[in-house]
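Please look over the protein below.

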Amino acid sequence: MAVELALSADTVRLIVQKARAVSESLPDTYEDGHEGDLSFDTEKLENVHHHDGLAEEEHDDFSESELREIIDDLNIDEATELVAIAWIGRGDYDQNDLDIAFSEARERSTSPVSAYLLGLPLLPDYLEAGLEALNL
């Protein structure tokens, strides 16, 4: 069954790439079951910073803001389809339930779609799985 969407598969793939870039930029401080334990050398703990403010970053990572902008620029149909693709990829719906997924996504839309989607920790995986399930 061919699926016709307002949102192009290429746009979804771009969102996947941006979402991966955002998730890769997050620090991974919880390795091997450790919860970010810190140890300090008490002999070296002294005030070594001699400035009045915070140092500026050499460059800002605009990946998350770019991703939010891309998602927020989608029209209502495209945003609804993006959420439905994520839900299908997550396993909440399958290809045969696409119309139901669209309907549910449209009904539940009360906040910016980007805020909802960026709250999904496996967003890129869900979107890729959704594209695959829909043969896009």
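The paragraphs that follow take up the salt bridges and then the pocket. The model is a predicted one.

Side chains of opposite charge can pair when their charged atoms come close. In this model the count of salt bridges comes to eight. One of them joins Arg-13 and Asp-10, with 3.5 Å from N to O. These two residues sit three apart in helix H1, which spans residues 9-25, so about one helical turn separates Arg-13 from Asp-10. Asp-10 is exposed, at 58% relative accessibility, while Arg-13 is partly exposed, at 36%.

Another salt bridge links Lys-18 to Glu-66, whose closest N and O atoms are 2.6 Å apart. Lys-18 belongs to helix H1 and Glu-66 to helix H2 (residues 63-72), so this pair ties together parts that are 48 residues apart in sequence. Lys-18 is partly exposed at 22% relative accessibility, and Glu-66 is partly exposed at 33%. Elsewhere, Arg-20, Asp-125 and Glu-128 are linked in a network of salt bridges.

In helix H4, Glu-104 and Arg-108 lie four residues apart, about one turn of the helix. They form a salt bridge, with 3.2 Å between the closest N and O atoms. Arg-108 also belongs to the lining of the second largest pocket, where Arg-108, Val-83, Ala-105, Ser-109 and Tyr-116 lie nearest the centre.

Which helix gives the most to the lining? H3 does, with five residues. Helices H3 (76-90), H4 (98-108) and H5 (113-118) each supply at least two. By type, the lining of the second largest pocket has eight nonpolar residues, four polar and one charged.

Notes:
Residues are numbered from 1 along each chain as its sequence is written. This is a predicted model: local features need pLDDT of at least 70, side-chain atom pairs count only at pLDDT 80 or more; totals for chains, interfaces and linings use all residues. Side-chain values use heavy atoms; hydrogens and water are left out. On a 1 Å grid over the protein atoms alone, a cavity is a set of points where a 1.4 Å probe fits but cannot get out, and a pocket is an open set with protein on both sides within 12 Å along at least five of seven lines; lining residues have an atom within 4 Å of a point. Ala, Val, Leu, Ile, Met, Phe, Trp, Tyr, Cys and Pro count as nonpolar, Asp, Glu, Lys and Arg as charged, and the others, Gly among them, as polar. A salt bridge is a side-chain nitrogen of Lys or Arg within 4 Å of a carboxyl oxygen of Asp or Glu. Buried means under 20% relative accessible area, exposed over 50%, partly exposed in between (1.4 Å probe, protein chains only).
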